[in-house]
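User: I would like to learn how to read individual features from a model. Please take them one at a time, with the general idea where there is one and then the case at hand.

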Amino acid sequence: MVGVGERGGLQLVEGGLANPDGGVDPWVFQAGCAEAFARTWVVRGFSPTTVRGYTSLLARVLGRFDCPVWEVVAEDVDEMLHALAAVGLAPGTRRQYLQMLRAFHGFVAARYGAQVRAVFGVPVGDGGLDRFNHVRHAGDDAAVGPPPGRERLQAFFSFVRSQVAVASDYRVMARDYALLRTPYHSAVRVSELVRLDQADVHPHLGPSGKLHVRFGKAANTSGPRPRWAPMLEGVDRILALVPGRRPTAIPCHRAAVLRR
C-alpha cells in the first residue's frame, strides 16, 4: 500500500488504515487516506499518466509539512508558498500545490473526519487555507457572467472594421483588427498569436489555409510545441487587410500578423 514516510513523502508500508483500538501512527493513517484518494482518480476514469502526475504532486505537497494534513495551519501553508516562491516556481505551479492540498484535505475531511477525531482526538481543521494564502490567477479578476453572443461579437467586429478606413494610421489599425479577429476564427491563443510572423501564414495549405504556430503552448516543461491551426471563415481575407511590408520596429506585445 502507498504510505507516508518522514515529512509526508509517499512510500510503501504494510497494512491499511490502522485499527482505532490500537496504536495509530498518523503518517500511516494519512498514507491510507492518500491511497484511497488516488483510487478515486482511477474510479473517475483519469488516465494512468494523469494519476501518476497527481500522485507525484500529492507526495511533494505532503512532503512540505511536518504534520498530517488535518493539523496543517495557515502558517504552514504560508511557509510552503514562501519556500516555493524562493526557489523560483511559477505562480501557476504554486497554485497547483494549493489545489492539491485543498482537494486532499477536503477528501480526508469528508471520508475520514470522524475517524480522525476518534483516533487522534482532534477535528479536521480548514487545512490552513484562507483568502490570505490564495495564489492569484489572472482569471480571478475576470467579470463573472456568460460570454458575449454571436450578435454582440459581430457588432463589435463591424465597428472595429469601420474604423480601419478612417484611422489616421491605417497600418496600425489594420494590424489591430487582424489581431482581434484571428483568434476568433482560428483558435490560436493570444500568447501564440503575437509571435506569428509573415512566413507563418500559409493560405494555400488545406481547404482554407493554415497558420504555423511555432511557439505553441508547452506541456510538462517540454518547451513550446509547434502546431498548425486552420484559418477558418475568411481569416486569409482579414489578414490581407494588413500591408505586406514587414514592420521595422513593433513591440512584442503588439506584434503584427501579416499576410503571406
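**Reading the features**

Analyst: Glu192 is buried, with a relative accessible area of 1%. The model is a predicted one.

User: Which residue does Glu192 form a salt bridge with?

Analyst: Side chains of opposite charge can pair when their charged atoms come close. Here the partner of Glu192 is Arg227, and the closest N and O atoms are 2.6 Å apart. The pair links distant parts of the chain, since Glu192 belongs to helix α7 (residues 190-193) and Arg227 to strand β5, 35 residues apart. Arg227 is partly exposed, at a relative accessible area of 27%.

User: Where do Asp200 and Arg214 lie?

Analyst: Asp200 and Arg214 form a salt bridge, with 2.7 Å between the closest N and O atoms. Asp200 is in the loop between α7 and β3, while Arg214 is in the loop between β4 and β5, so this pair ties together parts 14 residues apart in sequence. Asp200 counts as buried at 4% relative accessibility, and Arg214 as partly exposed at 33%. As for shared partners, salt bridges join Arg189, Glu192 and Arg227 into one network.

User: How many salt bridges are there, and what separates Arg39 and Glu35?

Analyst: The count is five salt bridges. One of them joins the side chains of Arg39 and Glu35, at 3.7 Å from N to O. The two residues are four apart in helix α1 (residues 26-43), so about one helical turn separates them. Arg39 is partly exposed, with a relative accessible area of 47%; Glu35 also counts as partly exposed, at 23% relative accessibility. The cut-off for buried is under 20%.

User: In what order do the three strands form the open sheet?

Analyst: Strands of a sheet pair through backbone hydrogen bonds, either parallel or antiparallel. In this model the order is β3-β4-β5, and the pairing is antiparallel. β3 (201-202) and β5 (227-230) are at the edges with a single partner strand each, so one side of each has no neighbour in the sheet.

User: Over how many bridges do β4 and β5 pair?

Analyst: Strand β4 (residues 210-213) pairs with β5 over four bridges, in the antiparallel sense. Leu211 stands opposite Ala229 of β5.

User: What span does helix α5 reach from its first C-alpha to its last?

Analyst: Helix α5 covers residues 150-166, 17 residues in all, and reaches 25 Å. That is close to the 24 Å expected at 1.5 Å a residue.

User: Which residues of α5 are buried, and which are exposed?

Analyst: Leu153, Phe157, Val160 and Val164 of α5 are buried. They cover an arc of only 60° around the axis, which puts them on the same side of α5. Glu151, Arg152, Phe159, Ala165 and Val166 are exposed on the other side of the helix. Helix α6 (170-186) is included in what covers the buried residues of α5.

User: Is His105 buried or exposed?

Analyst: His105 has 9% relative accessibility, so the residue counts as buried. The place of His105 is in helix α4 (residues 91-120). Leaving out residues up to four places away in sequence, His105 touches Val69, Val124, Gly125, Asp126 and Gly127.

User: How many aromatic pairs does a search of the whole structure find?

Analyst: The search finds eleven aromatic pairs. In one of them, the ring centres of Phe37 and Phe107 are 5.1 Å apart and the planes stand at 35°, so the pair is tilted. Phe37 is in helix α1 and Phe107 in helix α4, so the pair ties together parts 70 residues apart in sequence. Both Phe37 and Phe107 are buried.

User: How far apart are the ring centres of Phe107 and Tyr112?

Analyst: Their centres are 5.9 Å apart and their planes at 70°, so the pair is edge-to-face. Phe107 has a relative accessible area of 9% and is buried; Tyr112, at 12% relative accessibility, counts as buried.

User: Which residues form one aromatic cluster?

Analyst: The cluster is formed by Phe29, Phe37, Trp41, Phe46, Tyr54, Trp70, Phe104, Phe107, Tyr112 and Phe120.

Definitions and conventions
Residues are numbered from 1 along each chain as its sequence is written. This is a predicted model: local features need pLDDT of at least 70, side-chain atom pairs count only at pLDDT 80 or more; totals for chains, interfaces and linings use all residues. Side-chain values use heavy atoms; hydrogens and water are left out. The expected span of a helix is 1.5 Å times one less than its number of residues. Buried means under 20% relative accessible area, exposed over 50%, partly exposed in between (1.4 Å probe, protein chains only). The arc is that of the directions from the helix axis to the C-beta atoms. Contact means heavy atoms within 4.5 Å. Two strands pair if DSSP finds at least two bridges between them. A salt bridge is a side-chain nitrogen of Lys or Arg within 4 Å of a carboxyl oxygen of Asp or Glu. Rings of Phe, Tyr and Trp (its six-membered ring) pair if their centres lie within 6.5 Å; planes under 30 degrees apart count as stacked, over 60 as edge-to-face and the rest as tilted.
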